[in-house]
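Open the model in your viewer and keep the selection panel at hand. The tour goes stop by stop, with something to select at each.

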There are 2 protein chains.
Amino acid sequence: MELHSFFNSSASYRVRIALNLKGLPYEYVPVNIRTGEHRDREYVERINPSAGVPALVDGDFSLGQSLAIIDWLDQIHPEPLLIPGEIDARARVLELATLIACDIHPVNNMRILKYLDSVLKVTPEQKNAWYRHWIVEGMQAVERLLTDTGGDDWCIGDAPTLADCCLIPQIANAERMGCDLTPYSRSMRIYQRAMQHPAFFTAAPKQQPDYTN
Amino acid sequence: MELHSFFNSSASYRVRIALNLKGLPYEYVPVNIRTGEHRDREYVERINPSAGVPALVDGDFSLGQSLAIIDWLDQIHPEPLLIPGEIDARARVLELATLIACDIHPVNNMRILKYLDSVLKVTPEQKNAWYRHWIVEGMQAVERLLTDTGGDDWCIGDAPTLADCCLIPQIANAERMGCDLTPYSRSMRIYQRAMQHPAFFTAAPKQQPDYTN
């Protein structure tokens, strides 16, 4: 399998964690979204019509969108299952994962911050305030959900799930942007725990072949 | 079951379609997100820690996030299945649904447009340009995916799926905001078809008890 990925993309980071948790080897294909490689005609036509990262390629099959990819991995390599089969746990995992993937990450990703800069010409202070605003709102919701559902080490239950695949990259992103994350004690405990786990550690941006400072 | 919903919320609209497709009766509980009812302490504590709409309540069980709710409905009322079991179709449905739910809808929803207005003080022209920019980018990607995977009447295969539950509200939203949707011919054909289907028609904003002009 090939993973088309950018080291700093949170969505790519989610899939790297999932592949590692399942112990699946893959070829890392860097796609530099800073220079717009995800919009190259050949990439969009042959690899990912969504024009983004990540994309997973397995022979003739290629698939974009991180949550769809992780569900697909669960179908073909179910050990360990990252979206549980048990109905209640499954609902909680998907609720938390989509809170992060739909409500938090999209409004703070690179293309949005670039638009604020280059089209709306906001000041650096306004851009930082935008980023922090959605982190505060989103992470407060994450903490409330974890209070209802969380285990001690992982978001839901006693093993990593899709929810952890989404939470860890989101926290790493917010940390890199200099957000104060101390109010989110449950999330941070899970983050510290995950950073000790090889599947999460080796998926981190700094461990990727295309990492640059 | 109770559905906590706002008539104009695309995420609520998705779940209304899913409930209708499955023929499940429900009590409609309006939550006015324009006046901030989704942030009321009792709603957040008792119904939806994500502080948004929709939320589904079934006895002691309550769940937020539209994609998690539709997956849960598939688990407990599998007829008709909205996320197919067959691996390839399932991947395509989730890819298209999450393209809409993660890449398009979140950056144009009410809270973002409000922030642009009230905090960044953008002009109405700038706000409209923002909205249209993400619609063009996102709908072009939708069309490319439909070219690869689409049937004639529905997004994937010959029956409505989660992808249609996401696409129809997104198009209705863009239409309401005055976007030119003629370039997206496959999407528009599916939209016109869906508007003839009672499950979609009765889920539309204008048919809801809290509809106001």
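**Stop 1: a helix end in chain A.** Select A:S118. This serine belongs to helix α5 of chain A, which runs over residues 110–118. Bear in mind that the model is predicted. Is A:S118 buried or exposed? A:S118 counts as exposed, because 9 other C-beta atoms lie within 10 Å and the cut-off for exposed is 12 or fewer. A:L67 and A:S118 are 51 residues apart along the chain, and 30 Å separates their C-alpha atoms.

**Stop 2: the domains of chain A.** Where they touch, domain 1 of chain A contributes 11 residues and domain 2 of chain A contributes 14. Look at the domain 1 side. Two or more residues each come from α1 (10–21) and α3 of chain A. The largest share, 7 residues, is from α1(A). By class, this side of domain 1 of chain A has 8 nonpolar, 2 polar and 1 charged residues.

**Stop 3: the contact between the chains.** Show both chains. Chain A puts 32 residues into the contact, and chain B puts in 32 residues. On the side of chain A that touches chain B, select β4 (61–64), α3 (66–76), α4 (87–104) and α6 (124–149); these are the elements of chain A that give two or more residues. Which of them gives the most? It is α4(A), with 10 residues. Colour this side of chain A by class: 20 residues are nonpolar, 6 polar and 6 charged.

**Stop 4: the axis.** Stay with both chains. Chain A superposes on chain B through a rotation of 180 degrees, with 0.0 Å of shift along the axis and an RMSD of 0.0 Å. That is the relation of a two-fold axis. To find the axis in chain A, select A:C102: its C-alpha is the nearest, 2.3 Å away. Why do the copies meet through the same surface? Because 100% of the interface residues of chain A are also interface residues in chain B.

**Stop 5: the nonpolar core.** The largest nonpolar core has 127 residues. Select the residues with the most contacts inside this core: A:L96, A:A97, A:V142, B:L96, B:A97 and B:V142. Then centre on B:L96. Setting aside neighbours within four places in sequence, B:L96 is in contact with B:V142, B:L145, B:C155, B:I156 and B:A163.

**Stop 6: helix α7, in each chain.** Begin in chain B. Select residues 162–176, helix α7 of chain B, with 15 residues. From first C-alpha to last, α7(B) reaches 22 Å, close to the 21 Å expected at 1.5 Å a residue. This helix is mostly covered, with 13 of its 15 residues buried. Step just past α7(B) to B:G178, where phi is positive, at about 80 degrees.

Of the 15 residues of α7(A), 13 are buried.

Conventions
Residues numbered from 1 in each chain as written. Chains lettered and ligands numbered in written order. Predicted model: local features only at pLDDT ≥ 70, side-chain atom pairs only at ≥ 80, totals over all residues. Core = buried A, V, L, I, M, F, W, Y, C linked by C-beta atoms within 7 Å. Buried ≥ 20, exposed ≤ 12 C-beta atoms within 10 Å, placed from the backbone. Contact = placed C-beta atoms within 7 Å. Helix = DSSP H or I, 4+ residues; strand = E, 2+ residues; numbered from the N terminus. Expected span 1.5 Å × (residues − 1). Nonpolar A, V, L, I, M, F, W, Y, C, P; charged D, E, K, R; others polar. Least-squares fit on C-alpha atoms with pLDDT ≥ 70 in both.
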